Amino acid sequence: MKMKAVVFDIRLNSLYSIRIPFTWQSALTYPVLPPSAVIGMLANALQRYKNNKHPLYYLEIIEAELLWARSRLKRPAITKSYITSAIIKWQDSFPGGKFTNALGREFAYSKMMQVLAIFNSESLIEDITESLQRMPLTCGDSESPVTLEREILINEALKVCEDEVVTEFPIPFKKETKIIEGNGRVYLMHERCQKKGDNFPMISYLVPVKEEQGILKPSYLKVKITDERVIEIKDIGKIIL
């Protein structure tokens, strides 16, 4: 079967904070949706739309069919840290102690992102498209609503062989990765939502952004291809696996 890409733009309706997992005392946020957040958005929308099985069932079928999921900034983003009150326990003996603690948390805002998910077949495409159009969507947590901008695109995804590739989406970043030009920041991200046994690694990704006067702006990466796989999405561009 042919691979298909689901592509859609989201408008951020509020601040968002997609916490980098190993940050807690001063929680930092990703500037874009990591792969696990894209998968969670799709699974949550599909579960709400179907509403007849356990949420983890929809997460399992999406991860089974999904080849690749990422997002990119389409507009500049700003980040700022705030002090928040976090609940640290729910019950105590009398006289009680502290139930909350003041923790720093970083939030971000960007007017628009583009989300792209590539599936190995067309089996879920129709249901996913319907669920994204009909169900409420959030950006990484239940408090950051997003709205679809324009129509959802369903485009062909084809493997291509090229020596050099320009991409606007995050790429896996290893010491062997050869960046020819462009700007980016390295983040550790989960590629999936579900663990396989005891293995739940975080992968280094280079996110194409550049900082100017404290503002993160969309950028690009020109990469010399060695052993990476390249897929071209019609009318969107190329991505690197």
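Begin by selecting Gln114, which lies in strand β6 (residues 112-119) of this predicted model. Gln114 is buried, because its relative accessible area is 7%, under the 20% limit for that class. Display its side chain together with that of Asp9: a polar contact of 3.3 Å joins the two. Then show the surroundings of Gln114; apart from neighbours within four places in sequence, its contacts are Val7, Phe8, Asp9, Arg70, Ser71, Arg72, Lys74, Phe169 and Ile236.

Next, select Phe8, one of the residues that touch the most other members of the largest nonpolar core.

Centre the view on Ile62. Residues up to four places away in sequence aside, Ile62 touches Ile39, Leu42, Ala43, Leu46, Phe119, Leu124 and Ile128.

Finally, turn to the open sheet of three strands, ordered β9-β16-β11 and paired antiparallel. Strands β9 (164-167) and β11 (178-182) are at the edges; each has a single partner strand, so one side of each lacks a neighbour in the sheet. On average, neighbouring strands here are turned by 25° against each other, direction ignored. Select β16 (residues 221-224) with β11 to see an antiparallel pair joined by four bridges. Within that pair, Ile179 has Val223 of β16 as its bridge partner.

Terms used
Residues numbered from 1 in each chain as written. Predicted model: local features only at pLDDT ≥ 70, side-chain atom pairs only at ≥ 80, totals over all residues. Heavy atoms only, no water. Core = buried A, V, L, I, M, F, W, Y, C linked by side-chain atoms within 4.5 Å. Buried < 20%, exposed > 50% of the residue type's maximum accessible area, 1.4 Å probe, protein only. Contact = heavy atoms within 4.5 Å. Pairing = 2+ DSSP bridges. Helix = DSSP H or I, 4+ residues; strand = E, 2+ residues; numbered from the N terminus. Axes fitted to C-alpha atoms, helices over the stretch in contact; angles between N-to-C directions. Polar contact = N/O pair within 3.5 Å; in protein donor to acceptor, adjacent residues only side chain to side chain.
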